[in-house]
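Let us walk through this structure one site at a time. Keep the 3D view open as you read.

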Amino acid sequence: MTGFYDEIVAKNGVYKYYVNGEWKETSSNRTVPVINPSTLKKDFQVQACTQDEVNAVFDAAKKVHRSWARTPLWKRAEYLHKVDALLKENVEPMANALVKEIAKPAKDAKTEVVRSGDLISYTAEEGVRFLGQGKLLNSDSFPGQERSKMCLCQKVPLGVVLCIPPFNYPVNLAVSKMAPALMAGNVVVVKPPSQGAVSALHMIQTFHMAGFPPGVVQCVTGKGSEIGDFLTQHPAVNCISFTGGDTGISVSKKAGMIPIQMELGGKDACIVCHDADIDLAAKNIVKGGFSYSGQRCTAVKVVLVMEEVADELVKKVNKGVEELTVGMPEDDCAITPVISESSANFIEGLVKDAEQKGATLCQKYKRDNNLIWPVLIDHVTADMRIAWEEPFGPVIPVIRVKNIDDAIDHCNSNNLALQGCLFTTNINTAIRISDAMETGTVQVNAAPSRGPDHFPFQGFRDSGIGSQGIINSLAMMVRDKSTVINLDKPSYTMG
C-alpha cells in the first residue's frame with residue numbers, strides 16, 4: 001500500500017466503498033471476504049453495502065448527472081487523460097491485488113492496468129471526435145417535401161449507467177464501460193465482483209484523484225445475492241453494461257425499458273482445416289486455450305479438427321501443453337489456480353464426464369485445491385458435456401470431424417456464440433467458414449481474443465446483447481435527439 005491509496009482502507013483493514021466523492025464504511029458493520037484462490041485464505045475484506053446505502057449512491061448520481069452532461073467534451077477528455085496517467089503511475093498495488101484476489105499472473109496483472117489506461121485515453125480522443133459530430137437533415141430530400149424544415153440531430157447522454165465487470169478483468173472491463181459512459185456525459189455506478197473488488201477499488205481511486213466531481217463516479221461493494229437485483233432494477237438506472245455469465249440473462253429480462261449491453265461468455269470454437277498451418281494452429285490453441293488458465297470469455301473452448309490432420313495437431317498441441325508452467329501467479333506461471341473451489345469442482349466434473357464416456361485424456365488429470373493442471377481431451381463426442389459447456393478452466397476438448405460442414409454445424413448448434421476462429425491457407429475457405437459461423441467475431445489464423453479495444457466485440461444468442469469496442473460503446477451510451485426548425489417559407493442554398 002502506498003500513500004496514494006491510503007484513504008481507500010479503513011483503520012480495521014476493510015476496504016471502503018465510494019459514494020459522492022468520499023470513501024466510506026458501511027453502516028451494516030458487515031463485510032464480504034475476498035479469498036485468495038492460491039492460498040484459500042482471506043486476504044481482503046470489502047464493505048457489505050446496504051440497500052439504503054445503494055439508494056444514497058443513486059441519489060447522489062441523479063443530483064449531479066445534469067451538471068456533468070453540461071461539462072464540455074474537452075473537459076471530460078481532460079479528466080480521463082488524468083486517470084490514464086494516474087493508473088500508470090500507481091500500477092504496483094493494483095496489480096498486486098489482481099495477483100492475490102484472482103490469481104492473475106504478475107506480468108499479466110500489470111499489463112491489464114496499463115492496457116486500461118490506454119483504453120481510457122483512446123476513448124477520450126475518440127469521444128471528442130465522435131460525440132462532437134451532429135448532423136443536419138433537410139426536408140426536401142423526402143418526396144413531395146419542400147425545403148421548409150431543418151432537423152438538427154445530436155447525441156445526448158442517457159443519465160446513470162450501472163457498470164458490472166467480471167472477476168477475470170475487474171479493472172479493464174470496468175473502465176471499458178466507465179470511460180465511454182463518462183465521455184458521453186453520463187454518470188456511473190460501479191458494482192465490482194467480490195473476487196476483483198479490491199483491484200477495482202484501487203482503480204476507482206484514480207478517478208477520485210483525477211478530480212471528477214462528487215457523484216459522477218461511484219462504487220458499491222457487497223454480496224450480489226443481497227444488492228444485485230436491487231441495483232439492476234433500481235429506478236434510477238438508465239443503462240446497464242454487464243460482463244459475466246448466466247446471471248446476465250436474468251438481468252436482461254428484468255431490466256425493463258433501458259438500454260443494456262451484455263457480454264455473457266462463449267464456447268469459442270476453433271476449426272482446423274485440412275490445409276491449415278498445423279504449427280500455427282497448435283501454437284494458437286495452446287496460447288488461446290490455456291492463457292490465464294482458460295478463464296477468459298474468448299479462450300479456445302473446443303477444437304473442431306478435420307480427421308486427416310487430427311493426429312498431427314493433437315501431437316503438437318500436447319507438446320505445447322508440456323511446456324506450460326504450472327504454479328502460483330506471483331511466479332508468472334502460465335497455469336495458476338482457478339478463481340474458486342466451486343469453479344474447480346465444475347471443471348473437474350466436465351473432465352470426469354468426458355473420461356467416463358470414452359474420451360482420451362492426453363495428460364493425467366491432476367488437481368491441488370484450485371490449481372488444475374492443463375488437460376487436452378481428445379476424441380470428445382457430442383454426448384459429452386464438455387462438447388457444449390464452457391469450462392472456464394485449463395481444459396480443451398478436441399472433436400474430430402469429417403468435413404467443414406460438420407464443424408460449422410457443431411459451432412452453430414451451441415447457445416453460446418461469442419467468438420470463433422479458423423485455420424486455413426485458403427482465403428476462399430476462410431471467408432466461406434467465417435460467413436457460415438454464427439458467432440460475434442471470427443478470427444482467421446489466430447486464436448479468439450478481445451481487442452485491440454477499439455475493435456467491435458459482441459456475441460450472438462446467449463453470448464450477449466449489443467456490441468462493445470470503444471466506438472460502439474460510445475454510441476451505446478447516448479441517444480439521438482432531434483430539433484426541427486420550421487421555416488415560414490421554403491429556403492434553398494442558392495436562393
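A polar atom in the side chain of Thr26 lies 3.3 Å from the backbone oxygen of Ala48. The model is a predicted one. The side chain of Thr26 also meets that of Glu53, in a polar contact of 2.7 Å. Find Thr26 in the loop between strand S2 (22-24) and strand S3 (31-35).

Is Thr26 buried or exposed? Its relative accessibility is 6%, so Thr26 counts as buried. The cut-off for buried is under 20%. Leave aside residues up to four places away in sequence, and Thr26 touches Tyr17, Gln47, Ala48, Cys49, Thr50 and Glu53.

Now turn to helix H10, residues 307-322. This helix has 16 residues. At 1.5 Å a residue, H10 should span 22 Å. The C-alpha atoms at its ends are 23 Å apart, which agrees.

Which residues of H10 are buried? They are Val309, Ala310, Leu313, Val314, Val317, Asn318, Gly320 and Val321. What covers them includes helix H9 (278-290). Strands take part in this cover too, among them S12 (269-272), S13 (302-306), S17 (375-378) and S18 (395-401).

Look for Ile485 in strand S26, residues 478-486. Ile485 has 35% relative accessibility, so it counts as partly exposed. That class lies between the buried limit of 20% and the exposed limit of 50%.

Terms used:
Residues numbered from 1 in each chain as written. Predicted model: local features only at pLDDT ≥ 70, side-chain atom pairs only at ≥ 80, totals over all residues. Heavy atoms only, no water. Helix = DSSP H or I, 4+ residues; strand = E, 2+ residues; numbered from the N terminus. Buried < 20%, exposed > 50% of the residue type's maximum accessible area, 1.4 Å probe, protein only. Polar contact = N/O pair within 3.5 Å; in protein donor to acceptor, adjacent residues only side chain to side chain. Contact = heavy atoms within 4.5 Å. Expected span 1.5 Å × (residues − 1).
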